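Here is a friendly walk through one fold, meant to be read with the structure open beside it.

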Amino acid sequence: MPDLHMVVCVKVVPKSEEIRVDPETMHLIREGVRSEINPPDMNALEMALDLKDRHGGRVSLLSMGPPPFETYLQAALAMGADHVYLLSDRAFAGADTLATTYTLAQGIRKLGDVDIVFCGEESADGATGQVPSGLAEWLNVGQLTLLTNIEMDLKRGVARGHRELKGGYEILEVPLPVVVSVTTACNEPRFMDYRIKPWAFEAGRVTVWTAGDLDADENHIGFNGSPTVVSSLAEAPSRERKKQFLEGSPAEIAQLLLNVFREDLPQ
Ligand SMILES: Cc1cc2nc3c(=O)[nH]c(=O)nc-3n(C[C@H](O)[C@H](O)[C@H](O)COP(=O)(O)OP(=O)(O)OC[C@H]3O[C@@H](n4cnc5c(N)ncnc54)[C@H](O)[C@@H]3O)c2cc1C
């Protein structure tokens with residue numbers, strides 16, 4: 001089989017402490033917030049780079065988002081990926097998961113010879129977890145979700161995924177090409193390689209594709225391709241934490257504590 005070509009879908013998300021929603025538009029506020037690469041996407045990238053270390057091949061990064069994402073993607077490139085593609089066009093704005101997966105799938109189709117598409121299990125902001133399965137549907141290929149590890153049998157052209165279950169694990173085998181989602185913190189992402197950092201941050205290193213480059217159907221992208229409507233927004237009430245100060249000697253406090261436990265714990 002020719003060299004493995006792996007694509008890692010990478011989303012740039014607001015840092016978790018800065019995630020806020022505009023109550024008027026019901027959209028996430030992305031302007032003026034500090035961002036990072038979605039943490040599980042770093043685990044997906046590590047899994048792909050580890051396969052590259054063991055079997056050779058190449059790793060491409062793929063992201064959909066605005067031009068300021070480039071710098072974050074270049075940092076991921078400096079971890080050892082080979083190429084980076086950013087799908088960026090005003091026509092992609094307002095995309096729900098259906099339009100997002102269509103657009104990413106068109107990018108993967110344009111790359112042409114992809115064997116494995118890696119994703120994180122979910123994003124830190126939208127957190128639907130729908131993108132990996134959506135991609136598999138648009139691309140009409142198999143999927144291995146929520147993996148903690150992957151092995152390749154390149155002679156047979158199959159990927160063998162390892163998925164943790166309650167009290168055990170299962171091994172799933174799927175012929176290539178396949179879409180894989182990776183659980184958060186299943187491995188330890190490597191640091192940026194400072195020898196390749198200057199190359200990764202060279203101007204023009206990120207290939208930007210617009211809707212025209214993707215030959216995308218305008219009915220499937222952005223607002224036009226998004227049937228989802230966010231009809232209302234509600235803040236989850238934060239419950240006051242119960243607290244009680246116990247006074248007395250250590251023995252009295254211990255007795256009082258025992259009484260509290262007896263009252264509060266279900267019998
Ligand atoms: C009505 C509506 C309008 C929206 N408008 C906008 C908008 O204008 N701009 C905007 O940025 N978002 C918008 N969103 C959010 C957008 O739909 C989601 O960001 C996107 O569909 C991904 O969904 P998710 O975050 O739940 O991904 P999940 O399914 O939770 O992500 C799983 C994995 O998929 C991959 N992935 C997800 N998104 C991307 C991406 N963009 N690029 C590369 N890989 C990815 C990553 O590997 C990630 O770990 C809108 C959502 C709705 C419902």
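What follows covers the sheets, the helices packed on one of them, the core, the ligand shell and a few backbone details. Please keep in mind that this is a predicted model.

**The seven-stranded sheet**

Let us begin with the open sheet of seven strands, which runs in the order E7-E11-E6-E1-E4-E5-E12 with parallel pairing. Strand E7 (142-147) and strand E12 (206-209) are the edges; each has a single partner strand, so one side of each has no neighbour in the sheet. From one strand to the next, the twist averages 20°.

Within this sheet, strand E1 (residues 5-9) pairs with strand E6 (residues 116-120) in the parallel sense, over three bridges. If you look along that pair, you will find valine 8 opposite phenylalanine 118 of E6.

Two helices pack on this sheet. Helix H2 (residues 70-77) touches strand E4 (58-64), strand E5 (83-87) and E12, and its direction makes about 155° with that of E5. Helix H3 (residues 97-111) touches E1, E4, E5, E6 and E12, and its direction makes about 145° with that of E4.

**The three-stranded sheet**

There is also an open sheet of three strands, ordered E8-E9-E10, and here the pairing is antiparallel. Its edge strands are E8 (149-153) and E10 (168-175), each of which pairs on one side only. The twist in this sheet averages 25° from one strand to the next. E8 and strand E9 (residues 158-165) are joined in the antiparallel sense by five bridges; methionine 152, for example, has alanine 159 in E9 as its bridge partner.

**The core**

Which residues touch the most other members of the largest nonpolar core? This core has 61 residues, and the answer is Val8, Cys9, Leu61, Val117, Phe118 and Val180. Helix H1 supplies the largest share of the core, with six residues.

Leaving aside residues up to four places away in sequence, cysteine 9 touches Leu62, Leu104, Val117, Phe118, Cys119 and Val131.

**Around the ligand**

The ligand is surrounded by 33 residues, the closest being Gly120, Ser123, Gly126, Thr128 and Val131. The elements that give two or more residues to this shell are helix H1 (39-55), E4, H3, E6 and helix H4 (131-139). Sorted by class, the shell holds 13 nonpolar, 15 polar and five charged residues.

**Backbone details worth a look**

The peptide bond from leucine 176 to proline 177 is cis, with omega near -5°, and proline 177 sits in the loop between E10 and strand E11 (178-182).

| Residue | Phi | Loop |
|---|---|---|
| Asparagine 140 | about 55° | between H4 and E7 |

Note on methods
Residues numbered from 1 in each chain as written. Predicted model: local features only at pLDDT ≥ 70, side-chain atom pairs only at ≥ 80, totals over all residues. Pairing = 2+ DSSP bridges. Helix = DSSP H or I, 4+ residues; strand = E, 2+ residues; numbered from the N terminus. Axes fitted to C-alpha atoms, helices over the stretch in contact; angles between N-to-C directions. Contact = placed C-beta atoms within 7 Å. Near = placed C-beta within 6 Å. Nonpolar A, V, L, I, M, F, W, Y, C, P; charged D, E, K, R; others polar. Core = buried A, V, L, I, M, F, W, Y, C linked by C-beta atoms within 7 Å. Buried ≥ 20, exposed ≤ 12 C-beta atoms within 10 Å, placed from the backbone.
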